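Trainee: Could we go through this structure together? I would like to look at helix packing and then a pocket.

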Amino acid sequence: MAAPASSSIYSPLRSSQRIPRGLCNCSPPSASSISLLPRGLRSTSLGRIGFSCLSSDQILTRVAASSAPVMDPTKGEVSLKVSTVVDVDLGDRSYPIYIGSGLLDAPDLLQRHVAGKRVLVVTNTTIAPLYLDRVVEALTRGNSHVSVESVILPDGEKYKDMGTMMKIFDKAIESRMDRRCTFVALGGGVIGDMCGFAAATYVRGVNFIQIPTTLMAQVDSSVGGKTGINHPLAKNMIGAFYQPQCVLIDTDTLNTLPDRELASGIAEVIKYGLIRDAKFFEWQERNMEALLARDSSALAYAIKRSCENKAEVVSLDEKESGLRATLNLGHTFGHAIESGFGYGQWFHGEAVAAGTVMAVDLSYRLGWIDSSIVERVLNILQQAKLPTAPPEMMTVELFKSAMAVDKKVADGLLRLILLKGPLGSCVFTGDYDRKALDETLIAFCKS
C-alpha cells in the first residue's frame with residue numbers, strides 16, 4: 001500500500017477579503033445560503049443550494065451521556081476504566097452508542113439489542129482472528145436459543161463493492177435468515193457500511209448492530225446510519241440511510257490498530273473541531289501527542305466528544321438535507337483522491353486530511369477565514385502524521401471529473417463544505433467563486 005505523499009508545496013494565496021474574527025458565522029439570508037436557527041425557531045425547509053452551520057455551543061442538543069461519563073483528561077478526571085452512553089435521538093429509531101473498555105465481554109449489553117434467534121456476524125479476514133470468537137461468545141452466553149453464523153470478507157476499501165456484498169446475501173440466504181434476524185457489523189468502516197446496506201435491503205430490512213473496531217469507524221462511520229458501497233466512478237454512490245439498533249465501541253480494539261489506521265481516524269476527529277467545536281479542536285492541539293501514543297483517557301475522550309458532535313447533527317438532520325452535509329469537510333476533494341488514485345491506496349482519513357487542506361485553502365482564497373486557521377490546520381495534520389497534499393498523480397482534470405459526480409452536486413451545481421468566520425464555523429454552499437476553486441486545484445496539482 002502506498003505511503004502518504006506530501007511532495008506538493010502548500011502555498012495559499014493571500015486575500016484582503018476576510019471576515020473579521022468575532023462576526024456572526026451565519027451567512028446573510030440569500031437564495032443560495034440559508035442559516036440554521038436553534039430548534040423551535042428555524043424554518044421547516046433547508047436551502048437547496050447553500051447552508052450555514054452553527055457551532056455545537058449554539059445548537060440545542062438532545063444528546064445524553066450517562067453511566068460514568070468520560071471526562072476531559074486535561075482536568076485529571078478520567079478513570080482508567082471508562083464507560084459512557086451517547087444517545088442518538090431519532091424518535092422511535094433512537095439508539096445508544098456504548099463507549100468503554102472491555103465491552104466485547106459484556107453479553108447483557110449486546111444481547112439486549114438482538115431481535116429474534118438468528119444472528120449473522122459480518123467481519124473480515126483481519127478482524128475475525130482477533131475478535132470473532134469473543135463476539136459470538138457474547139451473543140450466546142447464557143442464551144442457548146440464539147444461533148450465530150458468520151461471513152468473513154476480504155479486508156480493504158477495494159472490496160467495498162457489489163460483488164463482495166453479495167457474499168453477505170449468499171450467507172444469509174444459505175443460513176435461512178428470516179425477517180427477525182440481526183446482522184452484526186464487526187470491523188471498520190468498510191464492514192460497517194456494507195453490513196448496514198445489506199441489512200437495509202435483505203428481505204427489505206432487518207435489524208443490525210455496529211461494533212466498530214477502528215478509530216475511523218468509532219468516531220464517524222458507525223454513527224448516523226449511512227450505509228453503502230462504492231462505484232468505480234464515485235465513492236459511496238450506492239447505499240441507504242439505515243440506523244442500527246446500537247453502536248458498541250470497545251476502546252480496547254484500538255490496541256491492535258496499526259499506527260497508520262489510527263492516524264486516519266484522527267482526521268475525522270479533527271474535522272469535528274474545525275466545523276463546529278472550537279474547544280474540542282483546541283483540546284486536540286494540546287493532546288495530539290497523547291492520542292498518537294494511544295493514551296486510553298485521551299482516546300476515550302476524543303471518541304466520546306466526536307460521537308456527541310455527530311449525534312447532535314444526525315438528530316437534527318438525519319438524511320443530510322443541509323446541516324449533516326457539513327460533516328463532509330474535505331470529503332469532496334478526498335473522495336476524488338480515493339477514486340482517482342485507486343480505492344485502498346490511501347486510507348479514507350488520509351484522503352480526507354489532504355482534502356481538508358484543499359478546502360481550507362479555498363476558504364482562504366475566498367477571504368472567508370484568516371491565515372491563522374490555515375496555519376493551525378496544517379500544523380495539527382502534520383502533527384498527526386497525515387498527508388497535507390494529494391498524491392502527485394492527481395491532476396486538475398481527475399479532480400474535476402470525480403467531483404462532477406459527487407453526491408453533493410445538485411442540478412449540476414457542486415456544493416462544498418468550506419470554513420467561514422472564526423474557528424468552529426463552516427458553510428455548505430454552492431455560492432462561491434469558481435475561479436478560486438480552479439486556483440486551489442492548480443496549486444495542488446502538477447497538471
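Mentor: Gladly, and bear in mind that this is a predicted model.

Trainee: Is H3 parallel or oblique to H4?

Mentor: H3 spans residues 162–174 and H4 residues 189–201, with axes 10 Å apart. Their packing angle is about 55 degrees. Because roughly parallel needs under 35 degrees and roughly perpendicular starts at 65, that angle makes H3 to H4 oblique.

Trainee: Thanks! Now for H7 and H8: is their crossing left-handed or right-handed?

Mentor: The axes of H7 (residues 278–292) and H8 (residues 296–316) come within 10 Å and cross at roughly 150 degrees. On the H7 side, the contact includes Phe280 and Trp283, and on the H8 side Tyr301 and Arg305. As for the handedness of this crossing, it is left-handed.

Trainee: And the second largest pocket: which lining residues are the closest to its centre?

Mentor: This pocket has a volume of about 200 Å³. Its lining holds 13 residues, divided into 5 nonpolar, 4 polar and 4 charged. The closest to the centre are Arg93, Tyr242, Gln243, Pro244 and Gln245.

Methods
Residues numbered from 1 in each chain as written. Predicted model: local features only at pLDDT ≥ 70, side-chain atom pairs only at ≥ 80, totals over all residues. Heavy atoms only, no water. Axes fitted to C-alpha atoms, helices over the stretch in contact; angles between N-to-C directions. Helix = DSSP H or I, 4+ residues; strand = E, 2+ residues; numbered from the N terminus. Parallel < 35°, antiparallel > 145°, perpendicular 65-115°, else oblique. 1 Å grid on protein atoms, 1.4 Å probe; cavity = no way out; pocket = protein on both sides within 12 Å on 5 of 7 lines; lining within 4 Å. Points joined across faces, edges and corners; volume = space filled by probe spheres on them. Nonpolar A, V, L, I, M, F, W, Y, C, P; charged D, E, K, R; others polar. Left-handed = near helix turned anticlockwise from the far one by under 90°. Contact = heavy atoms within 4.5 Å.
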